[in-house]
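Colleague: I am new to this structure. Please take one part and walk me through it closely.

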Amino acid sequence: MFEDVRLQGQILGEMATFLGDSYIRPVSIALVIQDLGGTEETFSNVLTKTHQLVHNNDISQYTIADFKAFYQKIEQEIFKNVNDVIIIKVLNGLAIMYIDDLYPIAKYLTQTYQLENKLPGI
């Protein structure tokens, strides 16, 4: 049975790739969380806590490092070694699918990351 779950994860990953999954436009935020080793509870915590953060604080000056620290407080083991592009992918996924008010800062951080790392837009 365990292998069936892993195979399902592989299937979903392949489908996301086919659909053009990227750090700018993730196909599924739940798949990102699962790829990190998170659970449904992790997903729920990330969604709920990010929603609270966005609506109860001024995040206009937040950096990728600020969000990384924020997510590490939520799920230390899941986010302890995560790189910046995954944080951007999480932010973009949440902004596109769940938290409209997160969109401006997610877009800004994505563009800043692209410029600092000389990456083309996708």
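This is a predicted model: local features need pLDDT of at least 70, side-chain atom pairs count only at pLDDT 80 or more; totals for chains, interfaces and linings use all residues.

Modeller: The crossing of α6 and α7 is left-handed. On the α6 side, the contact is made by Asp84, Val85, Ile88, Leu91, Asn92 and Ala95. On the α7 side, Tyr103, Ala106, Lys107, Leu109, Thr110 and Tyr113 make it. By class, this contact has 8 nonpolar, 2 polar and 2 charged residues.

Now the geometry. Helix α6 covers residues 84-97. The axes of α6 and α7 lie 9 Å apart, and the packing angle is about 150°. Angles over 145 degrees count as roughly antiparallel, so α6 is roughly antiparallel to α7.

Next, one residue of that contact. Thr110 sits in helix α7, which spans residues 103-116. Is Thr110 buried or exposed? Its relative accessible area is 5%. Buried means under 20%, so Thr110 is buried. Leaving out residues up to four places away in sequence, Thr110 touches Tyr23, Ile24, Ile88 and Asn92. Ile88 and Asn92 also belong to the α6 side of the helix contact.

Last, the core. The largest nonpolar core has 30 residues. Phe67, Tyr71, Phe79 and Leu102 touch the most other members. Helices α2, α3, α4, α5, α6 and α7 each supply at least two of its residues. The largest share, 6 residues, comes from α6. Take Phe79. Again leaving out residues up to four places away in sequence, Phe79 touches Ile33, Leu36, Val46, Tyr71, Gln72, Ile87 and Val90. In soluble globular proteins, nonpolar side chains tend to be buried together.

Technical notes. Residues are numbered from 1 along each chain as its sequence is written. Side-chain values use heavy atoms; hydrogens and water are left out. Helices (H or I, at least four residues) and strands (E, at least two) are DSSP runs, numbered from the N terminus. Buried means under 20% relative accessible area, exposed over 50%, partly exposed in between (1.4 Å probe, protein chains only). Contact means heavy atoms within 4.5 Å. Axes are lines fitted to C-alpha atoms, for helices over the stretch in contact, and angles run from 0 to 180 degrees between N-to-C directions. Angles under 35 degrees count as roughly parallel, over 145 as roughly antiparallel, 65 to 115 as roughly perpendicular and the rest as oblique. A crossing is left-handed if the near helix is turned anticlockwise from the far one by less than a right angle, and right-handed if clockwise. Ala, Val, Leu, Ile, Met, Phe, Trp, Tyr, Cys and Pro count as nonpolar, Asp, Glu, Lys and Arg as charged, and the others, Gly among them, as polar. A nonpolar core is a set of buried Ala, Val, Leu, Ile, Met, Phe, Trp, Tyr and Cys residues joined through side-chain atoms within 4.5 Å.
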